[in-house]
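Hello,

I am handing a structure over to you. Please open it first, then read my notes below.

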Amino acid sequence: MFIVSKKLLYIVSIVLLLFSATQLYSQDELNLYSARKEHLIKPLIELFEKETDIKVNLVTAKAAQLHQRILTESNNCIADVLLTTDAGNLWKADKANFFQSVNSEILNNRIDKKYRDEDNKWWGLSLRARIFVYNTKTVKKDELKGYKFLSDPIFKSRILIRSSGNIYNQSLIAHMIEKYGMNSTEIWAKGLVNNFARDPAGGDRDQIKAVAAGVGDIAIVNSYYFAKLISSEKKDNFRNLKVHFPKDEIMGTHLNISGAGVMKNAPNLNSAIRFIEFLSSDKAQKIYSYINYEYPVVNSVGIPDSLKKWGIFYEDNVFSSAYGRHGRLAIQIADRVGWN
Ligand code: FE
């Protein structure tokens with residue numbers, strides 16, 4: 001009898017030990033919905049996993065698809081963090097009630113108020129300037145001013161820009177509404193469309209290639225696309241192209257963000273906050289800047305030489321949330337002026 005009990009005790013203690021071991025080793029997780037291309041976000045995820053031992057489950061899709069997916073999944077949505085580009089997309093996600101407010105001293109200290117939601121529901125993590133890339137053989141530097149001047153007839157059939165269906169352009173138009181008002185922005189958009197070198201086609205990269213091929217003289221594109229092309233093995237194709245940071249008396253260079261928010265029903269809340277805090281760390285900010293060629297949101301981490309060469313630009317003091325606020329009006333203007 002005594003022997004059996006001892007054996008039983010032994011088995012029970014082994015089972016208990018195994019159970020507590022699995023408890024100990026059940027790893028923390030993070031469910032990340034990302035609208036950023038996988039190869040851009042992978043180095044950040046790998047570093048985060050290494051530093052925190054939190055396993056990241058990644059779902060990538062286009063911003064609009066993820067938005068729809070979250071709506072469809074509703075209360076069954078297991079996403080902890082939504083990562084996306086453009087303040088317009090973050091604003092839309094917040095209006096759809098996806099995010100919760102986060103009070104993080106780290107994020108408050110590291111991210112300027114201009115680059116985050118005023119209720120701390122989303123946070124800008126990298127910056128991108130919407131710049132002009134021009135052909136130095138056909139455009140003189142002093143011909144270039146702000147965005148507004150590109151509607152002047154001297155630029156007839158010379159401007160390249162992607163479709164207005166893209167959020168980058170919607171946010172640019174929204175920024176112009178904030179600075180110049182509705183009427184003035186609509187007149188500008190009409191003039192710009194009149195100056196198109198061709199009907200909008202392709203992405204930002206395609207506009208730069210079209211300038212290099214002589215289809216038009218000036219492309220309006222996000223800074224990192226050009227930075228990437230001129231550091232690629234095909235850089236010789238772009239040696240006649242240069243960068244101009246738009247600026248006039250009223251508006252400086254349009255700066256947008258990529259960013260993230262913590263989902264309202266995040267099952268792994270601590271991991272979610274830690275992840276966004278990690279993305280604001282020096283190490284992560286350096287990846288944004290030195291690998292993705294975006295401007296870091298924490299500017300003390302520095303930028304690569306290729307970006308330094310372009311010089312410093314004048315940035316507006318507009319809050320990025322304005323891009324979302326005027327987003328609908330921006331689309332209406334684009335429709336009315338026939339910007340496809
Ligand atoms: Fe992009």
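How many helices and strands are there in the protein? There are 14 helices and nine strands. Helices (H or I, at least four residues) and strands (E, at least two) are DSSP runs, numbered from the N terminus.

Some ground rules. This is a predicted model, where local features need pLDDT of at least 70, side-chain atom pairs count only at pLDDT 80 or more, and totals for chains, interfaces and linings use all residues. Residues are numbered from 1 along each chain as its sequence is written, and side-chain values use heavy atoms, with hydrogens and water left out.

Overall picture. The C-alpha atoms fill a box of roughly 105 × 40 × 35 Å, taken along the principal axes. Of the 340 residues, 51% count as buried. Buried means under 20% relative accessible area, exposed over 50%, and partly exposed in between (1.4 Å probe, protein chains only). Take the contacts (heavy atoms within 4.5 Å). Among those between residues at least 6 apart in sequence, 78% join residues at least 24 apart.

The iron site. Tyr168, Tyr224 and Tyr225 coordinate the iron ion through their OH atoms, at 2.0 to 2.1 Å. Donors are N, O and S atoms within 2.8 Å of the metal (3.2 Å for Na, K and Ca); water is not among the atoms, so sites may look incomplete. The donor spacing in sequence is Y-x55-Y-Y. Tyr168 sits in helix H6 (residues 167–180) and Tyr225 in helix H9 (residues 223–229), 57 residues apart. Tyr168 is buried at 9% relative accessibility. Tyr225 is buried at 13%.

Aromatic rings. Rings of Phe, Tyr and Trp (its six-membered ring) pair if their centres lie within 6.5 Å; planes under 30 degrees apart count as stacked, over 60 as edge-to-face and the rest as tilted. By this rule there are 10 aromatic pairs. Tyr224 and Tyr225 form a tilted one, 4.3 Å centre to centre with 40 degrees between the planes. Both Tyr224 and Tyr225 are buried. Tyr295 and Phe313 pair edge-to-face, at 5.4 Å and 65 degrees. Tyr295 is in strand E9 (residues 295–296), while Phe313 is in the loop between helix H12 (305–308) and helix H13 (321–325). Phe48, Phe275 and Phe278 form one aromatic cluster.

Charges over rings. The rule: NZ of Lys or CZ of Arg within 6 Å of the ring centre and within 35 degrees of the ring normal. Lys148 lies over the face of Tyr180, 4.6 Å from the ring centre. Lys247 lies over Tyr314, at 4.9 Å.

Best wishes
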